[in-house]
Amino acid sequence: MIAIDLGSNTLRVLQIDCKSGEFLYEYQKIVRTADNLIHTGVISVEVKERIIEAIREAASHIDFSKDKIKAVTTEAMRRAKNNLEIIGEIYDRTGIRFEIIDGNTEARLTISAVINRLKALCIVTKNGFAMIDIGGASTEVAFVYNDEVVAQSFPIGIVTLAQAYPSLEMLKSALPGKLEPIYEFVTNITKEKSSVDIAVATAGTPTTVAAMKIGLDFETYEAKKINGMKLDFADMDVQLHRLLKMSEQMREVAVGTGRSELIATGIVLFKALLELLGKKECIVVDDGLREGVALEGCKNSEG
């Protein structure tokens, strides 16, 4: 089974052996699907070519013809006026047809992957957990209780924020207003239900900060070393300070080409979200939508 997640910033591919649950091959590449979307409302030709190039690069390592493929795409494609045109051309040139999934489906699949990883890590909660998933153009926030999941997707992400606010100072000033819908969601849920035990964070910002904390860079990153790590406000402040002091060349080594401004933006957003949840730290999980798509695909193939 091959799962492909075309996010608003990154293309992520996973090949999984459904019988053993083993991850056979993983691939990801920054394609910045949401690049300039906030200004133009469309996916550009340049972005389309980056996506096609990344798919072909992944296909050079995996034989796409020998496995069932499930490919999904998220907020950037949901917003783009030319989404069907772009998806059609990608299919014509690569043979991969992407399904645009809604925010609720995205959250559900991501939660499935996170729960699966927490079980593998033997992390058990009495009163459930809150999940934060910061993407390129959307952020999903979820409360996962033993018998119920309440999740919502919000159209706020690191690519769109970074392109809307040229400096972190401007972002910090504007963020409280941007986060009002999330604050209302969190407040309502915690009033109706109960406070959760822990916060769990997935996606590129927390995993990158966790990697920097233990001395890994973009090339040496290992998910197994990241899964289950704890991050607090001090960790985020320290790594943001480090990142901003680096030369451009050092930043590219540390977090990947073209990612430094996005990670900086993500840290500011992530801290604000953690504060909204009333948590001082979080557990980092690398697994996300891609893994959720793979797990569901395996489950459906068994049925």
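Where is the place of C122? C122 lies in the loop between helix 5 (103–120) and strand 6. The legends below begin with this loop and then turn to the sheets, the helices and the core. The structure is a predicted model.

**View 1. C122 sits in the loop between helix 5 and strand 6.**
The relative accessible area of C122 is 66%, so this residue counts as exposed. The phi angle of C122 is near 60°, which is a positive value in a residue other than glycine.

**View 2. Six strands form an open sheet in the order 8-7-6-9-11-10.**
The pairing in this sheet is mixed. Its edges are strand 8 (149–154) and strand 10 (230–232), and each of them pairs on one side only. From one strand to the next, the twist averages 25°. Strand 6 (residues 129–134) and strand 7 (residues 139–144) run antiparallel and are joined by 6 bridges. Within this pair, F129 has V144 of strand 7 as its bridge partner. Helix 9 (residues 204–213) packs on the sheet and touches strand 9 (198–202), strand 10 and strand 11 (281–284). The direction of helix 9 makes about 95° with that of strand 10.

**View 3. D133 is placed in strand 6.**
With a relative accessible area of 8%, D133 is buried. Leaving out residues up to four places away in sequence, D133 touches E106, T110, S138, T139, E140, T202 and A203. D133 and G204 are 71 residues apart in sequence, while their C-alpha atoms are 8.9 Å apart in space.

**View 4. Helix 9 is largely enclosed by the rest of the structure.**
This description applies because 8 of the 10 residues of helix 9 are buried. The buried residues are T205, P206, T207, T208, V209, A210, A211 and M212. Just after helix 9 comes G215, which takes a positive phi of about 85°.

**View 5. Another open sheet has 5 strands in the order 3-2-1-4-5.**
The pairing is mixed in this sheet too. Strand 3 (22–30) and strand 5 (99–100) stand at the edges; each has a single partner strand, so one side of each is left without a neighbour in the sheet. Strand 2 (residues 10–17) pairs with strand 3 in the antiparallel sense, over 8 bridges. L14 stands opposite E26 of strand 3. Helix 2 (residues 45–59) lies across strand 1 (2–6), strand 2 and strand 3, and runs at about 155° to strand 3.

**View 6. I30 has its place in strand 3.**
The relative accessibility of I30 is 18%, and this residue counts as buried because the cut-off is under 20%. Residues up to four places away in sequence aside, I30 touches N9, T10 and R259. From I30 to R242 the separation is 212 residues in sequence and 22 Å in space, C-alpha to C-alpha.

**View 7. Helix 11 and helix 13 pack against each other.**
The axes of helix 11 (residues 233–245) and helix 13 are 10 Å apart, at an angle of about 160°. Angles over 145 degrees count as roughly antiparallel, and the two helices are therefore roughly antiparallel to each other. Helix 11 passes helix 13 in a left-handed crossing. On the side of helix 11, the contact is made by F233, M236, D237, L240 and L243. Helix 13 contributes S260, I263, A264, I267, V268, F270, K271, L274 and E275 to this contact.

**View 8. The largest nonpolar core has 81 residues.**
The residues with the most contacts inside this core are I4, L11, F98, F143 and L175. Helix 13 (residues 260–276) supplies the largest share of the core, 10 residues.

Notes
Residues are numbered from 1 along each chain as its sequence is written. This is a predicted model: local features need pLDDT of at least 70, side-chain atom pairs count only at pLDDT 80 or more; totals for chains, interfaces and linings use all residues. Side-chain values use heavy atoms; hydrogens and water are left out. Helices (H or I, at least four residues) and strands (E, at least two) are DSSP runs, numbered from the N terminus. Buried means under 20% relative accessible area, exposed over 50%, partly exposed in between (1.4 Å probe, protein chains only). Contact means heavy atoms within 4.5 Å. A nonpolar core is a set of buried Ala, Val, Leu, Ile, Met, Phe, Trp, Tyr and Cys residues joined through side-chain atoms within 4.5 Å. Two strands pair if DSSP finds at least two bridges between them. Axes are lines fitted to C-alpha atoms, for helices over the stretch in contact, and angles run from 0 to 180 degrees between N-to-C directions. Angles under 35 degrees count as roughly parallel, over 145 as roughly antiparallel, 65 to 115 as roughly perpendicular and the rest as oblique. A crossing is left-handed if the near helix is turned anticlockwise from the far one by less than a right angle, and right-handed if clockwise.
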